[in-house]
Amino acid sequence: MNLRPKLIATDLDGTIVAHGGEISQRTIDVFHRADQMGIHIFFVTGRPPRWMPEIRDAFGIGSAICGNGAMLYDLHQDKVLEEWLISVESQKKTVAKLRATIPQVSFAVESHNYYVRESAYIPRWDVGLDNIGVGQIEEMMTVPAFKLLARCSAQELSSDEMLEIAHRELDDIVTVTHSNPHDSLLEISALGVSKGATLARMAGRLGIDAKDCVTFGDNPNDFSMLQWAGRSYAMADGHPDGKKHAKDIAPSHLDDGVAVILEELLQLPA
């Protein structure tokens, strides 16, 4: 018999948050209904904490995993609870290998309380945080980092093309993924850190098995949690490879796809 999930985990952007930042009332309502039923809610995102206030304000419930699994974050107290960071040595090895294989690449590095970019790295979302930049990111690599970002600012290569190179060069050093196939940006975490790995750790602490969890996502940084959960849905308008990793497909995020599925799942017996 199919039962109601005990844990719901969802990506944000392109999954329950439109690319303009909108979150539908239908989506907010169904998550509140799930929370009232005692279901654990996890917002699992590549975002850093500084991008989370709108999620806290919109929902007022749930737990957060940020940085593609690199951080357990208390959404409501604005507090980092745990972090799994990239060592300085691994940061420098990663940069050296990518510079050798993608000569036009530039870098930014961030943690929960800082963001630094190379002057050649043109930000899309963090405009204003670092208006000067540095010549070489290596000079700023003095402490473990939450995330390393690698960009082809002139978009000479797509994110998928960059990811193929990075997997070949870096699989024994760091975890590399991306969250936008139309961009030219890699998101890099410590080796073994992913949305799926951290979500599995959190579910284990709650005594919840993968078969009792449902996950939603739209891009490669979601694939690990789509693979892990007993029920998982790739967004119909997400990355074309999503269907290879998820158990099912949800309607487009523009059609409230996650809410559509959850409304059905919440009708199941507990």
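**Helix packing and a buried strand**

Mentor: In this predicted model, the crossing of H3 and H4 is right-handed.

Trainee: What angle and axis distance describe the packing of H3 and H4?
Mentor: Helix H3 (residues 88-101) packs against helix H4 (residues 159-170) at an angle of about 130°, and their axes are 10 Å apart.

Trainee: Why is H3 called oblique to H4?
Mentor: Roughly perpendicular covers 65 to 115 degrees and roughly antiparallel begins over 145. The angle here is about 130°, so H3 counts as oblique to H4.

Trainee: Which residues of H3 and H4 meet?
Mentor: From H3, Thr 94, Lys 97, Leu 98 and Thr 101 meet Ile 165, Ala 166, Glu 169 and Leu 170 of H4. By class, this contact has 4 nonpolar, 2 polar and 2 charged residues.

Trainee: What makes strand S8 largely enclosed by the rest of the structure?
Mentor: Buried means under 20% relative accessible area. In S8 (residues 147-151), 5 of the 5 residues are buried, so the strand is largely enclosed.

Trainee: Which way do the residues of S8 point?
Mentor: Lys 147, Leu 149 and Arg 151 point one way, Leu 148 and Ala 150 the other, and all are buried.

Trainee: How do you know that S8 pairs with S6 and S10?
Mentor: Pairing needs at least two bridges. S6 (residues 106-111) is joined to S8 by 5 bridges, and S10 (residues 185-190) is joined to S8 by 4, so both count as paired with S8. S8 runs antiparallel to S6 and antiparallel to S10. Ser 106 stands opposite Arg 151 in S8, while Leu 149 stands opposite Glu 187 in S10.

Terms used:
Residues numbered from 1 in each chain as written. Predicted model: local features only at pLDDT ≥ 70, side-chain atom pairs only at ≥ 80, totals over all residues. Heavy atoms only, no water. Axes fitted to C-alpha atoms, helices over the stretch in contact; angles between N-to-C directions. Helix = DSSP H or I, 4+ residues; strand = E, 2+ residues; numbered from the N terminus. Parallel < 35°, antiparallel > 145°, perpendicular 65-115°, else oblique. Left-handed = near helix turned anticlockwise from the far one by under 90°. Contact = heavy atoms within 4.5 Å. Nonpolar A, V, L, I, M, F, W, Y, C, P; charged D, E, K, R; others polar. Buried < 20%, exposed > 50% of the residue type's maximum accessible area, 1.4 Å probe, protein only.
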